[in-house]
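Here's a quick walk through one protein model, with a few strands and helices picked out along the way. Have a look at it first.

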Amino acid sequence: MDPLLYLAGLVVMFLLWIKVKGLDYVIIHQRWIFVCLFLLPLSVIFDVYYYVRAWLIFKMCSAPKLHDQRVRDIQRQVREWRKEGGKTYMCTGRPGWLTVSLRVGKYKKTHKNIMINMMDILEVDTKRQVVRVEPLANMGQVTALLNSIGWTLPVLPELDDLTVGGLVMGTGIESSSHIYGLFQHICVAYELVLADGSLVRCTEEENSDLFHAVPWSCGTLGFLVAAEIKIVPAKPWVKLHYEPVRGLENICKRFTEVSENKQNTFVEGIQYTLDTAVIMTGTLTDHAEPDKINRIGLYFKPWFFKHVEGYLKGDYSGVEYIPLRHYYHRHTRSIFWELQDIIPFGNNPVFRWFFGWMVPPKISLLKLTQGETIRQLYEQHHVVQDMLIPMKHLQAAITRFHQDIDVYPLWLCPFLLPPGRGMVHPKGQEEELYVDIGAYGEPKVKHFEAKASTRQLEKFVRDVHGFQMLYADVYMGREEFWEMFDGQLYHRLREELGCNEAFPEVYNKICKSARH
């Protein structure tokens with residue numbers, strides 16, 4: 001009984017401490033306590049439920065039949081909205097805190113919420129080499145299923161909780177994008193319920209304009225109910241080469257070289273300071289050298305970005321063989337490097353061994369419990385941005401990031417941007433190599449001010465004909481926004497499809513004033 005009494009005493013003291021300090025104080029100043037005691041266990045329960053559910057539905061082959069019923073229900077809701085006079089805009093009824101995006105849109109409270117409960121993998125067609133999925137199926141589900149039957153997506157964005165709908169209506173990228181492009185470029189068909197309640201399918205040949213306009217539209221042209229995505233044969237291992245590079249000019253030159261080399265299946269860079277980085281290149285392989293295997297996804301392993309930093313500190317190159325699914329989700333456990341600000345000791349070996357199996361906490365739960373004070377602190381003292389820059393401007397872009405925000409590490413991910421007529425395409429008619437520069441963390445510059453500093457970055461990105469990912473805070477005005485993005489096709493289709501009365505314009509949906 002003594003250990004139980006001791007434990008009970010600790011619990012009572014802990015609860016009294018919370019009562020004295022106040023729950024807000026604990027959540028703000030000792031957030032790791034709340035995360036470790038409550039959010040990590042809840043996150044495990046969430047994951048187990050959704051993975052078991054997805055597996056059972058796929059094995060029972062019930063998803064296609066249920067899918068048709070759910071589509072009809074969405075059509076019914078839209079037609080009811082029209083019968084009622086369509087007095088407000090429509091949006092999905094999914095709570096804003098469930099999304100991976102850091103924002104929680106105010107519009108959810110004022111728009112007509114259309115309930116879309118569609119989170120299943122519908123079909124894997126290995127003959128056509130496509131997988132058909134519902135919009136709320138996430139990357140964790142997709143990799144678990146496809147890898148188990150020997151297939152994968154050509155572009156598989158990093159975090160487990162990223163959904164197909166978010167990646168289609170927004171965008172997605174991975175270290176294979178220098179070959180295949182963005183997530184939208186591996187999609188071959190979309191199925192949408194439009195503002196009049198009709199169901200349409202669009203491809204490169206059928207309803208082609210709508211097919212090109214859907215990516216980056218953020219759900220303002222219709223409700224996505226299914227997508228068909230290319231799949232390719234998978235191999236069990238990724239042979240990954242780590243190369244530390246010093247000097248900004250050398251980093252940019254080397255990164256461009258490996259990104260242009262299509263023999264590299266995967267290319268990624270992590271920049272730790274202005275003048276130091278590790279560049280990684282990988283290829284798929286059927287066999288691994290036993291003494292070089294690193295199952296980096298195991299819960300007790302060091303966080304990936306810390307593991308990579310070891311090559312920089314030791315100033316040596318290296319080669320490892322990583323299981324394919326471990327590689328795809330290599331940044332998931334540490335949410336890139338964001339988790340170190342939430343659980344400062346999270347990469348400690350003791351913590352990893354005893355509690356690493358529960359990591360990471362769900363981003364949605366972190367948002368739900370952050371409160372207004374933490375939200376404001378994050379907004380003013382934290383940066384989460386992905387800027388897509390032409391590769392030829394990489395050195396100038398990194399220098400600008402250093403001057404304006406000084407956030408490290410930076411994530412460097414190359415991608416091929418083909419010509420097109422949607423919102424995002426190169427300035428000319430030729431495909432162009434771009435790079436995603438991801439900045440996630442606390443700015444170190446003394447003069448940082450969220451709005452002013454972000455607007456400086458946004459102006460630089462516009463000037464070099466780059467693009468800003470729309471999940472993050474956007475401070476641009478309307479004219480500046482449409483200077484960055486090509487709205488010609490988008491606006492024409494909104495007029496033709498009756499979207500102006502049914503959905504907000506994309507700028508009004510994602511701009512800072514529309515968010516909490």
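Let's start with a pairing: Cys413 has Asp436 in E16 as its bridge partner. Strand E16 covers residues 432–441, and E15 pairs with E16 in the antiparallel sense over eight bridges. Two strands count as paired if DSSP finds at least two bridges between them. Helices (H or I, at least four residues) and strands (E, at least two) are DSSP runs, numbered from the N terminus.

Before going further, bear in mind that this is a predicted model, where local features need pLDDT of at least 70 and side-chain atom pairs count only at pLDDT 80 or more, while totals for chains, interfaces and linings use all residues. Residues are numbered from 1 along each chain as its sequence is written, and side-chain values use heavy atoms, with hydrogens and water left out.

E15 also runs antiparallel to E11 (residues 266–273), with three bridges joining the two; there, Ile270 sits opposite Trp411. How covered is strand E15? Eight of its eight residues are buried, where buried means under 20% relative accessible area, exposed over 50%, and partly exposed in between (1.4 Å probe, protein chains only). Leu410, Leu412, Pro414 and Leu416 point one way, Trp411, Cys413, Phe415 and Leu417 the other, and all are buried.

| Partner of E15 | Residues | Bridges | Sense |
|---|---|---|---|
| E11 | 266–273 | three bridges | antiparallel |
| E16 | 432–441 | eight bridges | antiparallel |

E11 turns up again around helix H10 (residues 304–314). The buried residues of H10 are Phe304, Phe305, His307, Val308, Glu309, Tyr311 and Leu312. Their cover includes E11, along with strands E10, E12 and E13 and helix H12. Just after H10, Asp315 takes a positive phi of about 55 degrees.

Trp353 is partly exposed, with a relative accessible area of 49%. Tyr299, Val350, Trp353, Phe354, Phe355 and Trp357 make a nonpolar surface patch of about 690 Å².

Zooming out, the chain has 20 helices and 17 strands, and 55% of its 516 residues are buried. Take contacts (heavy atoms within 4.5 Å) between residues at least 6 apart in sequence: 74% of them join residues at least 24 apart.

Terms used
Patches are made of residues with over 30% relative accessible area and no salt bridge: like charges are joined within 9 Å, nonpolar side chains (Val, Leu, Ile, Met, Phe, Trp, Tyr) within 5 Å. Accessible areas come from the Shrake-Rupley method with a 1.4 Å probe; for residues, only the protein chains shown count as cover. A salt bridge is a side-chain nitrogen of Lys or Arg within 4 Å of a carboxyl oxygen of Asp or Glu.
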